[in-house]
Each structure stands twice: as structure tokens, then as C-alpha cells.
Amino acid sequence: MSIQNVRLEVMQFLEKNIDTFVQNYLIPVEKIWQPSDMLPDSRNENFLEEVRELQAYAKELPYDFWVVLVGDTITEEALPTYESWLMDVEGVDQMGGEDGSGNGWAKWIRHWTGEENRHGDLLNKYLYLSGRVNMREVEVTTQYLINDGFDPGTDRDPYKNFVFTSFQELATYVSHNRVAQLAKKHGDHKLSKICKLIAGDEMRHHHAYSEFVERIFQVDPSEMMKAFHYMMKKKITMPANLIRESGGAIGDAFHNFSESAQRIGVYTSMDYVDILNKLIKRWEIDKITNLTDEAEKARDYLMKLPDRMAKLAERMKISDESHVFKWVTPAIVK
């Protein structure tokens with residue numbers, strides 16, 4: 001049997017439990033929070049007063065904080081790209097099923113997308129109300145990011161895709177959670193709560209994709225190990241790696257955005273190493289048996305990789321000066 005057919009068979013095997021995955025890791029629409037729950041209600045008489053209060057707290061947040069918050073928002077807003085990419089993964093059938101609604105994996109992706117979509121909606125509305133950013137420039141960058149597409153290097157391989165999503169969901173948890181901590185430190189408890197709630201969603205999603213990988217390791221350990229090795233050797237591509245400002249080239253803003261995040265400790269190269277360590281521990285890579293010789297070599301590489309990457313991370317230099325983005329200007333924000 002070909003590798004592709006084996007993967008398809010494994011995806012069909014896991015699909016039998018898709019309703020359990022949805023029940024365990026996603027929250028019904030009627031029970032989950034919505035963006036409007038977290039923001040001033042425009043129907044209320046005190047709406048403008050609440051907006052002024054929101055803006056007063058926003059003035060206390062530093063420049064790099066705003067760069068990171070904008071970058072996080074744009075990344076969340078590029079959700080159409082992520083959904084279309086996952087819908088093309090081997091084993092996902094958008095039109096399967098008697099009612100034409102797709103197979104179980106299509107159901108998972110649609111429900112996951114529904115939850116993720118709230119993040120961009122909430123952050124976008126907060127940025128608009130804050131009065132601290134140039135919303136048109138933010139919107140231009142978001143449209144560019146969707147137009148330019150995204151290639152995580154996974155092809156249509158579900159094994160590689162689940163490694164990517166396991167890693168990336170945990171990375172977004174780290175970023176949103178750190179932003180929440182910084183907002184609280186500067187006295188903005190409402191923004192802190194917003195980012196904390198988003199971080200909570202990301203952690204739930206991380207646990208879901210990590211369980212998918214765990215189950216694949218149980219039935220196809222060698223190929224899953226090789227897929228994990230492949231993704232970590234090529235390095236995980238951040239969803240915003242092609243981000244650009246108006247008039248800029250593809251990807252020209254990512255380096256500066258990344259430096260802002262590292263400068264204020266929202267997401268650093270050491271966090272990348274820490275996430276890798278967490279995945280190795282979560283999947284008990286050192287204990288997996290019945291591996292082929294090639295998969296054993298892949299495991300050896302993975303076990304040594306965190307220490308190697310940590311040494312490289314320690315030598316990285318970050319500029320002390322903030323890049324002036326069109327999204328946010330020093331004249332507007334402290």
C-alpha cells in the first residue's frame with residue numbers, strides 16, 4: 001500500500017471519533033463567548049463614555065505592544081487562507097456525506113474555523129475603538145496577507161499538517177497570553193481579559209491537534225515520526241511570515257514585527273525551543289517503539305534538536321530600536 005493510501009486509511013480511522021473531538025475540544029455556538037460580549041455596546045447610552053475609558057487605558061500601552069497586537073490581529077484575520085489550506089488536506093472531503101456537508105474532518109475544520117473567526121473579529125473591533133492605530137493600513141496589510149497566500153510546507157500531508165497546527169496553536173497561545181499579561185501590567189484589565197480568552201481557545205485547539213498526532217503515533221509510528229522530523233528540520237513557518245505594509249514587498253514587515261515581539265518578550269526564539277520540548281514530551285517521542293531505521297534516525301535528530309536550537313537562540317541579537325510601522329506611529333502612541 002502506498003504512503004498516501006496509508007495516510008488516507010489512518011485519517012478515515014480517526015474520523016470515526018470526530019464527534020468526540022468536537023465535543024471535547026470545541027464549544028457550542030450558544031455557549032461560547034462572542035466579540036460583542038467583550039466590548040462596549042453601541043446600543044447603550046453610556047457607549048461613548050465606555051469607549052473613552054477604553055481609549056484612556058490604550059494610551060498607556062507602549063509602541064512595541066501595539067505593533068505586536070496589530071500583527072496578532074492581522075494574523076487572526078487571515079483565517080480564510082488557513083481554512084482553505086486545511087480543507088485541501090488528504091482525507092478531508094468537503095462534499096462527502098449524504099447531505100453534501102462533507103465528511104467528519106470537514107465538519108471539524110468548519111467548527112474550528114467558526115471559533116477562530118471570533119478572534120480576528122474581536123481584536124479588529126478593539127483596535128478600531130482604541131483610536132491608537134491606522135485602521136486602513138491594518139486592513140491593507142490583512143488583505144495583502146490573504147492575497148499572498150500561505151505555504152507552511154506541509155503539502156496535503158495530514159501528518160505534517162497536524163504537526164504544524166499542534167505547534168502553531170501553542171505558539172499563538174503563548175503570544176496572546178503574554179499580551180494579556182502585559183496589558184494587565186499596564187492597567188488595561190479589559191484588554192487583558194480579551195487576550196486571555198483568545199489564548200484559552202488557542203490552548204484548547206492545541207490539545208486537539210496534539211491528540212490527533214498522538215493517535216497517529218499509535219497506528220503509524222514510523223511515518224508520523226518522519227513527518228515530525230521533516231517539519232522541525234525545515235522549521236515551522238509562522239502564519240505572518242509573508243506580512244507586508246502598503247507599498248512594501250511580500251514578507252518585508254515580518255522581521256521587524258518579530259523583533260518587536262521579542263523585544264517585549266511576547267514571543268521569542270526561546271519560546272520556539274520551549275514549544276518543541278513540550279511536543280517531544282507530550283508525544284513521548286523517547287518512548288515510541290516499533291520504528292524503522294529511518295524513523296529511529298529521525299527520533300535521534302528530534303531529541304537533540306532543542307539543545308542545538310537553544311544555543312543558537314542564545315546568540316541571537318535583537319535591535320533596541322523599534323521599526324516605525326504604518327499601522328502605528330510614535331506620534332500617536334507612547
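A charge is taken to sit over a ring if NZ of Lys or CZ of Arg is within 6 Å of the ring centre and within 35 degrees of the ring normal. R244 meets this criterion, lying over the face of Y144 at 3.9 Å from the ring centre. The charged end of R7 likewise sits over the ring of Y159, 4.1 Å from its centre. The model is predicted, and local features need pLDDT of at least 70, side-chain atom pairs count only at pLDDT 80 or more, and totals for chains, interfaces and linings use all residues. Residues are numbered from 1 along each chain as its sequence is written, and side-chain values use heavy atoms, with hydrogens and water left out.

Lining residues have an atom within 4 Å of a point. Grid points are joined across faces, edges and corners, and a volume is the space filled by probe spheres set on the points.

The largest pocket has a volume of about 950 Å³. Its lining comprises 43 residues, of which Q168, I236, M238, F254 and Y267 are the closest to the centre. Helices (H or I, at least four residues) are DSSP runs numbered from the N terminus. Elements giving two or more residues to this lining include α4 (63-77), α6 (104-130), α8 (158-185) and α13 (293-314). The largest share, eight residues, comes from α8. With Ala, Val, Leu, Ile, Met, Phe, Trp, Tyr, Cys and Pro counted as nonpolar, Asp, Glu, Lys and Arg as charged, and the others, Gly among them, as polar, the lining of the largest pocket has 24 nonpolar, twelve polar and seven charged residues.

One cavity of 30 Å³ or more was found. The largest cavity holds about 60 Å³ of space and is lined by M11, L86, V89, V92, W105, W108, I109, F162 and Y209. This lining divides into nine nonpolar, no polar and no charged residues. Helix α6 supplies the largest share, three residues.

Among the cavity-lining residues, I109 belongs to helix α6. I109 is buried (under 20% relative accessible area; exposed is over 50%, partly exposed in between; 1.4 Å probe, protein chains only), with a relative accessible area of 4%. Apart from neighbours within four places in sequence, I109 is in contact with E83, L86, M87 and V92, contact meaning heavy atoms within 4.5 Å. I109 and L86 are 23 residues apart in sequence and 7.2 Å apart in space, C-alpha to C-alpha.

Rings of Phe, Tyr and Trp (its six-membered ring) were paired if their centres lie within 6.5 Å, with planes under 30 degrees apart counted as stacked, over 60 as edge-to-face and the rest as tilted. The count comes to 20 aromatic pairs. The rings of W108 and F212 have centres 5.3 Å apart and planes at 75 degrees, so the pair is edge-to-face. This pair links distant parts of the chain, W108 in helix α6 and F212 in helix α9 (residues 189-219), 104 residues apart. Both W108 and F212 are buried. F162 and F212 form a tilted pair, 5.2 Å centre to centre with 55 degrees between the planes. This second pair joins F162 in helix α8 to F212 in helix α9, 50 residues apart, and both F162 and F212 are buried. Ring pairs link F21, W105, W108, W112, F162, Y209 and F212 into a cluster.

Definitions and conventions:
1 Å grid on protein atoms, 1.4 Å probe; cavity = no way out; pocket = protein on both sides within 12 Å on 5 of 7 lines; lining within 4 Å.
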